Amino acid sequence: MSALSDAITQSFTAREPERPALSPLRALGRRRLSGIEVLAQSVATTAPAASMVVLTTAIVAGQSMLAGLLTVAATTVLLGAVAACFAAFTRRLAAAGGPYTFVAQGLGPRAALGGGAALAVKYLGSAGLTLYHGGQSILAVAHGAGVSVPALPLYLVLACVIGACLVRGIRFAVHAILLVEACSLAFILTLFLVPAVPTPVAEPPGGGAGELVVLALTAVFALAGFESATFLAPEARRPLVTVTRTVLWTPVICGALCVLAALAVWGGRGGTVIDAYRHGTDSGVPVAVVVALHLGLTCSWLASSMASVNAVSRLGYTMGIERVLPRPLAAVHRMYRTPYRAVAAAGLVALTIAVTKAGAPHLVAGLQHAVRVAVLVAYVLVAVASLRFLTRIGEQTRGSTLVGGAAAAGGTLLLGCVVGSGIVAVDPAVVAVPLLLLVAGPLWYLLLRRRTPRAATAIGVFDSAESADVLPGAGVFAPDRLGAMTLVRADRGPHRDL
């Protein structure tokens with residue numbers, strides 16, 4: 001009881017800081033989301049229902065089932081190692097900037113800006129592409145029902161609905177995301193239990209190493225998004241626990257679902273899904289099954305689009321606070337406490353991508369490849385940043401070194417294979433995308449140093465303790481390098497070993 005008595009005594013004599021310490025992210029509303037709501041964000045971004053269908057179709061179409069299964073399994077293991085690197089950060093800090101802030105804490109502002117550019121490409125591209133595919137699934141359902149629906153108004157309505165849900169409030173949005181993704185997953189899992197029509201899918205001849213690299217890149221893209229829960233960490237009730245669990249388990253669960261779906265097709269079940277997805281009713285699949293499949297895909301695609309916009313809006317909000325991007329992006333709705341301007345900007349970009357792909361697909365022909373490469377670049381940066389971060393704070397272990405090194409090496413190897421395939425195929429775009437993303441950080445930082453030097457030193461904002469979070473006398477507050485009050489140390493008196 002002596003420690004408690006000392007704490008009580010110190011609380012009466014402790015001096016309050018000159019001004020209260022406030023978290024730079026408090027405008028979003030702290031400690032509101034439950035673990036299930038945080039999980040819904042990551043699962044929806046990954047879109048397991050749609051990923052099961054797309055990835056299984058790629059395995060069946062391109063290479064032997066065995067090689068495809070092993071490739072997907074290896075990719076799942078790689079992303080599991082990357083998730084462990086994310087967990088090194090999520091156990092210690094909560095940041096609305098997610099991986100962007102993590103890279104800043106580990107590798108500094110130049111690498112963080114490059115990672116931020118990669119994340120923006122990934123999430124904006126994913127939001128636009130999934131919105132496009134969701135609209136196409138609705139059009140397919142309408143066509144099966146004999147109804148003609150104009151594409152442009154449809155995409156406009158979908159974008160407005162997604163934006164309204166996200167602006168309405170984070171809890172409303174994640175509940176909508178959870179409901180939509182649960183319905184789609186139930187649809188697809190049911191269809192994968194239907195026997196193939198009329199015969200099981202036969203195993204095609206084995207593919208070459210180049211096809212396996214493409215499949216691995218497709219698997220990374222299909223399972224990417226598990227880290228989107230990190231963007232909601234400041235709004236979670238127990239961020240250091242719930243976000244860490246979500247980040248660690250989401251890629252494992254979604255990867256296992258994709259592998260099980262491929263095994264179902266290999267075993268003679270689920271071929272109906274592949275036939276209905278690739279050929280519709282022309283494959284002999286009943287119209288009801290085709291409609292059910294596209295309804296499930298519609299739910300999954302749109303949930304992923306909503307979750308992607310939700311994630312990138314937090315990235316834009318963080319960069320707005322730091323003045324890396326225009327300050328208006330940091331505006332928060334007074335009632336719903338959502339970054340509505342960042343949501344509107346991200347939704348507008350997603351709508352533009354979807355409409356452009358529907359009307360002039362050649363203009364965004366390389367977008368999907370750019371998004372996949374951007375994911376790899378961001379993951380490699382986080383893996384390397386985790387090693388530097390843990391070393392800097394003196395908490396590096398043999399296990400974390402091994403896992404972080406494996407994730408960084410595996411991601412770099414896959415990225416090198418992608419660039420190498422582009423060189424062999426004489427495809428300048430394949431080589432240009434990773435180089436542009438890596439050069440973007442230093443150039444962006446140089447621009448900030450010249451125009452807004454203060455912004456160049458503010459990169460890496462995360463949720464910090466407020467005065468109300470700390471018992472009087474239990475900590476010391478002082479201004480940081482930017483002048484904001486922050487907790488600098490804990491003073492435990494004679495009981496420092498407790």
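Guide: C417 is partly exposed, at a relative accessible area of 32%, while C254 is buried at 3%. Here buried means under 20% relative accessible area, exposed over 50%, and partly exposed in between, using a 1.4 Å probe and protein chains only. Keep in mind that this is a predicted model, where local features need pLDDT of at least 70 and side-chain atom pairs count only at pLDDT 80 or more, though totals for chains, interfaces and linings use all residues. Residues are numbered from 1 along each chain as its sequence is written, and side-chain values use heavy atoms, leaving out hydrogens and water.

Back to the cysteines: the structure holds 0 disulfides (pairs of cysteine sulfur atoms within 2.5 Å). C254 is in none, and its nearest cysteine sulfur, on C258, sits 7.0 Å away.

Now for helix α12, residues 287-322. Helices here are DSSP runs of H or I, at least four residues, numbered from the N terminus. With 36 residues at 1.5 Å each, α12 should span 52 Å, and its end C-alpha atoms are 53 Å apart, which agrees; the expected span is 1.5 Å times one less than the number of residues. Of those 36 residues, 30 are buried, so α12 is largely enclosed by the rest of the structure. Just past its end, R323 takes a positive phi of about 65°.

Zoom in on T298, which lies in α12 and counts as buried at 8% relative accessibility. Setting aside neighbours within four places in sequence, T298 is in contact (heavy atoms within 4.5 Å) with G134, S137 and I138. T130 is 168 residues from T298 in sequence, yet their C-alpha atoms are 9.1 Å apart.

Follow that over to helix α6, residues 109-144, where S126 has its place. S126 is buried too, at 5% relative accessibility. Not counting residues up to four places away in sequence, S126 touches V121, F221, S308 and V371.

Helices α4 (65-90) and α10 (239-266) each supply at least two of the patch residues, with α10 giving the most, at 3.
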